[in-house]
Amino acid sequence: MFCGISGEAPKEPVVCKSNGILYEKRLIEQYVEEHGKDPVTNEPLSLDDILPVKSSPRTAFPRPPTHSSVPSLLMALQNEYDAIVFETLELRKQYDTVRQDLANALYTNDASMRVIARLMKERDEAREALSSVHTSLGMPSSSGAHEDVEMTQAANPTMNSVTSLPVNVMEQIDSTAAALTKDRRARIKRGGSEGYPTSASAASLQAQSPIPSEHHASSPGIAAIDTSADGALVLTGGKDASVHVLDRTANKAVAKLEGHTKPVTSVVFSGRSNPAAGDSAKEAPTPLYAASASDDGTVRIWRCNDKGQYELAHTIASTTVTGLSVHPTDSLLGSASRDGSWSIYSLETGECLLHVPAANATDEQGAGFVYESFAFHPDGQLAATGTSDGVIRIWDVKQGQQSAVFRGHEGAVHTLDFSQNGYLLAAASRGAQHVKIWDLRKLDVTRVVDADATIQEVRFDPTAQLLAVVTAMNVRVFGGKSLELCATLDVNNGLCAQWCPNDGALLIGAQDCNVGVFSL
């Protein structure tokens, strides 16, 4: 028989009445006094539950030794031994507990790995199904869709301000501006080729066969229009939430770009920020990118593939975007929103390179930052935003800093456009019947052009000699240095307009969903 604590034969054995375990009397009494429970079963235990085991013959124990004798040293060693025995017991119990916890943790980890494997399998199946849906709808299957994305707040570019562009982008802007500034005067002086309208011949602009756009009649109206640098393609955005690519030569729609869920507010082609005018424009390549913005709070970037078809490349979440413009580098896309922010994105990656958030308050004269329009300057160093309270803000593109403020419009500046010579900015406010021409050299209004009707849009032509003003009653063309009225085109319910760089034709989007064409 051995002690349940020390594992050795007891000198004075006792037994527990509840479980029959044998102990050394001095060890069990010490343990019960300290812990009040059985050291083996952990059940409550008192000294009354311990019975002595009577044995014969009894051994007479020696009298207690003194500390100065050898027996006293033996007693001290005995006490140390007893302490080690108790500590060993506790360690053994802890060891058993840790083994049990480790077994439970290993089981839990194994179960978690099986669950993760099942979820990854379901994720891969869902990706394959989504890819099949994209293929059936004619949408691109982005390679980035198969990469895991860290779900952080910074993944949304509109949540954080990016106060300046990357250095390499700044260098690209500077080099582009230097090249364009050097060439601009000669290009403007050269003007268009023979047959391109001028201020003298604009009165001879005649209506040609309209281009059907195939926008739905249930939500009539072409709200935005743009042309390619060679004038061969026309991009239209309708109130029916669709975007169409039209072929001027074939006089028909060749593609429908779907995805928006609310009316389209702006469309742009890349490649025509500084287009050549006349015959030289015909050598321009097919636009690599098209972009569209909608009231649904998204900007969609479409890329032209090897077959000449536009596929969705990026979808950028934003608030209501009221203005889009492609930067002269043809690699950047600028946008302005009614939430008071404006941004610059990479056309290639869709990444937000610059985000200027709304100011926390109005400026020193009480003007706000709710933007209704946006445009890049022809050299790409500046950008303009028109606000809902009649203010035009000029921005340094590279640093996102305000450079100038033009005041004096009576309502929301919903349309503005820079002339290609880089000197003038035409702008009109909603409800107004005149266009203010701002001189960027004088930072003041240089002239006012009367339209005699509510203005929908203003557009300078690539030669900087003609200005088209779209109103609800007609389209007026002004020309020359003094911008005198050259022609009044009979167009009812016009909404937007754009000049074709190759032949100077004026394309007009109207409420009837057709694109009107006026040329010499």
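Tutor: With a term: buried means under 20% relative accessible area, exposed over 50%, and partly exposed in between (1.4 Å probe, protein chains only). This is a predicted model, where local features need pLDDT of at least 70 and side-chain atom pairs count only at pLDDT 80 or more, while totals for chains, interfaces and linings use all residues. Residues are numbered from 1 along each chain as its sequence is written, and side-chain values use heavy atoms, with hydrogens and water left out.

Student: OK. Phe 269 and Tyr 310, buried or exposed?

Tutor: Both Phe 269 and Tyr 310 are buried.

Student: How many aromatic pairs does the structure hold?

Tutor: Six. Rings of Phe, Tyr and Trp (its six-membered ring) pair if their centres lie within 6.5 Å; planes under 30 degrees apart count as stacked, over 60 as edge-to-face and the rest as tilted. Phe 269 and Tyr 310 form a tilted pair, with 6.1 Å centre to centre and 40° between the planes.

Student: What does that pair tie together?

Tutor: Phe 269 lies in strand β10 (residues 264–269) and Tyr 310 in strand β13 (residues 310–317), so the pair ties together parts that are 41 residues apart in sequence. Helices (H or I, at least four residues) and strands (E, at least two) are DSSP runs, numbered from the N terminus.

Student: And what about Phe 374 and Phe 376?

Tutor: Their pair is edge-to-face, at 5.1 Å centre to centre and 80° between the planes. Phe 374 is buried with a relative accessible area of 6%, and Phe 376 is buried with 7%. Trp 342, Phe 374, Phe 376 and Trp 395 form one aromatic cluster.

Student: Which residues have the most contacts inside the largest nonpolar core?

Tutor: Leu 165, Trp 342, Ile 344 and Val 397, in a core of 18 residues. Such a core is a set of buried Ala, Val, Leu, Ile, Met, Phe, Trp, Tyr and Cys residues joined through side-chain atoms within 4.5 Å. At least two residues of this core come from each of α3 (167–190), β15 (332–337), β16 (342–346), β17 (352–356) and β18 (371–376).

Student: What is Val 397 in contact with?

Tutor: Leaving aside neighbours within four places in sequence, the contacts (heavy atoms within 4.5 Å) of Val 397 include Leu 165, Ile 173, Trp 342, Ile 344, Leu 354 and Phe 376. Apart from this core lies another, of 16 residues, among them Val 470, Val 477, Val 491 and Ala 497.

Student: Switching to β28. How many of its residues are buried?

Tutor: Five of the five residues of β28 (residues 475–479) are buried, so the strand is largely enclosed by the rest of the structure. Val 475, Val 477 and Gly 479 point one way, and Arg 476 and Phe 478 the other way.

Student: Which strands does β28 pair with?

Tutor: Strand β27 (residues 466–471) pairs with β28 in the antiparallel sense over five bridges, and five bridges also join β28 to antiparallel β29 (residues 484–489). Two strands pair if DSSP finds at least two bridges between them. Val 475 is the bridge partner of Val 470, and Phe 478 stands opposite Leu 485 in β29.

Student: What about the turns?

Tutor: β27 and β28 form a hairpin with three residues between them. The hairpin of β28 and β29 has four residues between the strands, and Gly 480 in the turn has a positive phi of about 85°.
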